[in-house]
Each structure stands twice: as structure tokens, then as C-alpha cells.
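Please look over the sequence and the structure, then read the points below.

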Amino acid sequence: MKTLTSLTLLLMMTACGSTGGPSSTVTVGGRQVEVPEVTVDEHQRLIDTIGIYDDPETAAYINAIGQRLVANSSRPNDTFTFTLLDSPDINAFALPGGFIYVNRGLLAYLETEAELAGVIAHEIGHITENHHSRRSTQQTTTTVLATTAYILTGSGDLYDAAQMYGAEVVSGFGRDMELEADAAGAEFMHRSGYDADALLSVIGVLKDQEMYRRVQAKASGKPTGTYHGLYASHPRNDLRLQTVIKTANTLDIDDQPENPEAPGVFRNRVEGLVFGASAQSQAEDNRFYHNKLDFTFRYPEGWSVAQGSRDVTVSSKDGSASVAITLSRLDAGVTPADYLTSTASGALSDQRELEQFGLKGGTAIATAGASAKRLAVLDHKYRFLFEGTGSDADALVIIESFRPLLPKEKAKGPSRTLHYVQVPRGATLKSLASGARVPDAEDQLRLINGYYPVGEPRIGDWIKTIR
């Protein structure tokens, strides 16, 4: 399957210590970029499965910070691409070829532009220090096998695999390489006018998140929760990192440019940011979405969809053609193609197997007397059965476009958003959390504002709230 091949190929190339091989010149953000072909594939895979966060101004803001850092890096002439993903996961990571990703979820926990610059500079450092090609072959190969098995066994979807990819593969460089990325990033920050001490603040933010997860896991009796993403290998009081940052902050101190942070800009970018799950629209024309059963398909223009308790029926406007979709339990002992053959009535023709969007199945035309029907079977958590009458071409449009919902398509309820308020007299984080309507609201406010597990803001301080 193309998805598995693309993901595995990229990881295996990395494991072998090479990001070489075939390359492609592609247009990204209006620029011509030459990158490894597998990186192009994986970049598109991330965009297709996770999605880009729809906020052009914030995306441009992140790109401007990134390009400033690149211009002051050890590879100022290389092309870097910065992408803001619509993921609530608190992480950032890089792919070979200068592709750097910041998850929307990370922004909620940062306080300043310098902290965001620290995250981006760290990822640029992984690229400039060639960490993808230097990483341990054994470590990466193990992760390749684990990630591939994760998808093949059906225990997770592509979004989960992408999170594993970001947290366990791309960021799994080991302590020494992480420190090298810190050293390079701190230098790039200093030369760009940022205070490299912000790197320590980011580590504090993520260690608070790890502490919170452990407390939650203990309270629920589950295994200890651990944060596996950005800076996971750093201890909270990292003396080696403190030394690296101190060194960076003394470089060419007389020639350091003015701090590029403008008052209020970071706050304006975070204001209104989606917090947690994103309520993505399901608005593609002529496409049906079934949230409970996790599938979607395209249907011909002018057709309508009727959803009943036993089936989903798609019909042409004049009623001359239709496709009925029902389901039954999976039977691992019978392949979809064999199931189709054993249950069909009439003589079968145009019989072939289906393999699409990670799903396996089969299709055929069943003819009995003067009646011909298009039949199909596709396995996706259940065994989906298709019976089409009338236009065979239109029935195939529905059958061949049937796939699982992408993460960005899954309905998750109303989105929560972040908003800044000034703390009024007498208010506490507990009282401010009372209207948040999210689980563990007080702890969440503490985490996004840097007061976990204890502490209170002062009267007049700007803090983030969740609505």
C-alpha cells in the first residue's frame, strides 16, 4: 500500500544514514525547493491526514520567525519550509530537507515569541547538524517496525502513526544530538536578537505537562503518563543545557541585533487559537460523512443520501439508480472477495479485488435474468456491503471513493478557543476556570499560563482563558 510504503521508505532511508537518493523540485509556499522525494511524500501525507491549521496570519508569523533564524544559522542559503499543523499534540518536529512542523497545540502553552523561536531554532538545529543521517540505525529501524505494525494491525490510524512519527522517530535523536540541536538553536536565537534563556522556559512548560500527565495517570490507576515529544530527553534542571545557553548568550554580545519581538504580537496571534480538538467542517460538495462508523464516500452530483437504522441509501434524482450500503460483522476466516462470491445471487462478471485507502475488498457484477447489480464488499472495522442498481459507473464512484474519515474530518464537537483577559481583583485561577467547560479546567488554565501545579497571577496580569 502506498501509505505504508511511503512512511516505511522514509524511515528506512533515515535508518540507513542517508537522506540522499532521488530528489524532486517542488513548489512550496511559492518557492522552488529540491528535497528527497520521500520527504515530499511524507510532507503531503502529514498535510492530508492532520491538516494545516487555517490561520494564514499565524502561519506567516511562524514562517517569518523561522526565516529570520535560518538567515542567522550555519546554513543561511538553504531553503526551509515551516508548517503549522492542526494538531492538539504538544510537539514540533523536522523532516529531512528543511521541513519543520509546529503543532497548533504547542502554541497554547507558550508565553512569548522568544519561546516559539526557541522551539523553531531547536528544530533548525536538527537539520543543520545533519541529525537525520547520523541517527542510530538500530534505534530507527526498531521504530520503523513498530510504526508499520501499528498501522498493519489496525490498532491505530494514520494520525496516530504521524504522532508516533513526530514524537518517536523525528525527535528521537538521543540526548547528545538533542544537546547539539540546543547549542545550534541557542546560537541562532542569539544572532537573531532573541534571549536564548527562553529555551529553558519551554522545557519548564513541557515538564509541567509531563508532571500533570503523571498525576492524572496515578489518579486513574493507569500506567504513569509520560510526555514523549519535544525535549522529552531533557531533565527539568538541565545543567548541560544551561551551559550551552550561557555560552550562546555571550557570543558577539556587542553585535547582537535588537530583540525582534514587538509588544503584543505573540498575544494577538494566540488570541482565538483553537484549544484541544478542532471542530473541522465536513463540507466537501457531494461527499457523505458518517461519524459514528468512521467512513465517508463521494456520490454523483444531483444524487441524495438517506441514512436509516439499517442502511445508507444513495439515489439518483429520478430514482433510476441507487446504491444501498449495509454492514455485517467481520469474519477473519473469510476474505472479502470470498464473502462476495459466496453470498452473491446470479452469475458474476467483472470480478476483481479492491485495495483502497488501506482497506481491502472485492467487487463484481451479479446478473440474474434481466437484472444486473454492482456488488462490493469492503472491510473497515465492519464488513461493508454495497448493492448498486442502474448506472454502474455511478455505483463505482461511490464504492471506489469509500474510505475512513481523516482526522481533520472527524466531528469532535464544538471547538474551544483561547482568549486573553486581565486578572480582576479577587479572581483566582479556580474562579476563572469555572466557565471553561473542559475537563480539569483549573489545571488546564494553570498549564497554559505557567502556574502548574500551584501559584496565582497578579491583579492586572494578562492570562489565557478557555471558552
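Helices here are DSSP runs of H or I with at least four residues, and they are numbered from the N terminus. By that count E113 is found in helix 5, which covers residues 113–128. The model is a predicted one.

**The chain as a whole**

- The chain holds 16 helices and 18 strands.
- Of its 467 residues, 48% are buried.
- Among contacts with a separation of 6 or more, 66% join residues 24 or more positions apart.

- Is E113 buried or exposed? E113 has a relative accessible area of 4%, and buried means under 20%, so E113 is buried.
- Leaving aside residues up to four places away in sequence, E113 touches Y61, I65, R68, Y194, P260, E261 and F266.
- E113 and G264 are 151 residues apart in sequence, while their C-alpha atoms are 9.7 Å apart in space.

**Helix 3 with helix 5**

- Helix 3 spans residues 56–71. It packs with helix 5 at an angle of about 55°, and the two axes are 10 Å apart.
- That angle makes helix 3 oblique to helix 5.
- The crossing of helix 3 and helix 5 is right-handed.
- From helix 3, the contact uses Y61, I62, I65, G66, R68, L69 and V70. From helix 5, it uses E113, L116, A117, I120, A121 and I124.
- Sorted by class, the contact of helix 3 with helix 5 has 10 nonpolar residues, one polar residue and two charged residues.

**Helix 5 with helix 9**

- Helix 9 covers residues 175–192. Helix 5 and helix 9 pack at an angle of about 120°, with 7 Å between their axes.
- Helix 5 is therefore oblique to helix 9.
- Helix 5 and helix 9 make a right-handed crossing.
- On the helix 5 side, the residues in contact are A114, A117, G118, A121, H122, I124, G125, H126 and T128. They meet M177, E178, A181, D182, A184, G185, F188 and M189 in helix 9.
- The contact of helix 5 with helix 9 consists, by class, of nine nonpolar, six polar and two charged residues.

**Helix 9 with helix 11**

- The axes of helix 9 and helix 11 come within 8 Å of each other and cross at roughly 25°.
- Why does helix 9 count as roughly parallel to helix 11? Angles under 35 degrees count as roughly parallel, and the axes cross at roughly 25°, so helix 9 is roughly parallel to helix 11.
- The crossing of helix 9 with helix 11 is right-handed.
- In helix 9, the residues that take part are R175, D176, L179, D182, A183, A186, E187 and H190. Their partners in helix 11 are R240, L241, V244, I245, A248 and N249.
- By class, the contact of helix 9 with helix 11 has seven nonpolar, two polar and five charged residues.

**The two faces of helix 11**

- Which residues of helix 11 (residues 239–249) are buried? They are L241, V244, I245, A248 and N249.
- Viewed down the axis of helix 11, these buried residues fall within an arc of 130°, so they line one face of the helix.
- An α-helix has 3.6 residues a turn, so residues three or four places apart point the same way.
- The buried residues of helix 11 pack against helix 9 and also against helix 10 (198–220).
- L239 and K246 are exposed, and they lie on the face of helix 11 turned away from its buried side.

- S345 lies in the loop between helix 13 (336–343) and strand 12 (347–356).
- With a relative accessibility of 58%, S345 counts as exposed.
- S345 and T367 are 22 residues apart in sequence, and 7.7 Å separates their C-alpha atoms.
- Q444 sits in helix 16, residues 441–449.
- With a relative accessibility of 10%, Q444 counts as buried.
- Apart from residues up to four places away in sequence, Q444 touches Y109, Y212, F275, P439 and I466.

How values were computed
Residues numbered from 1 in each chain as written. Predicted model: local features only at pLDDT ≥ 70, side-chain atom pairs only at ≥ 80, totals over all residues. Heavy atoms only, no water. Buried < 20%, exposed > 50% of the residue type's maximum accessible area, 1.4 Å probe, protein only. Contact = heavy atoms within 4.5 Å. Arc of directions from axis to C-beta. Axes fitted to C-alpha atoms, helices over the stretch in contact; angles between N-to-C directions. Parallel < 35°, antiparallel > 145°, perpendicular 65-115°, else oblique. Left-handed = near helix turned anticlockwise from the far one by under 90°. Nonpolar A, V, L, I, M, F, W, Y, C, P; charged D, E, K, R; others polar.
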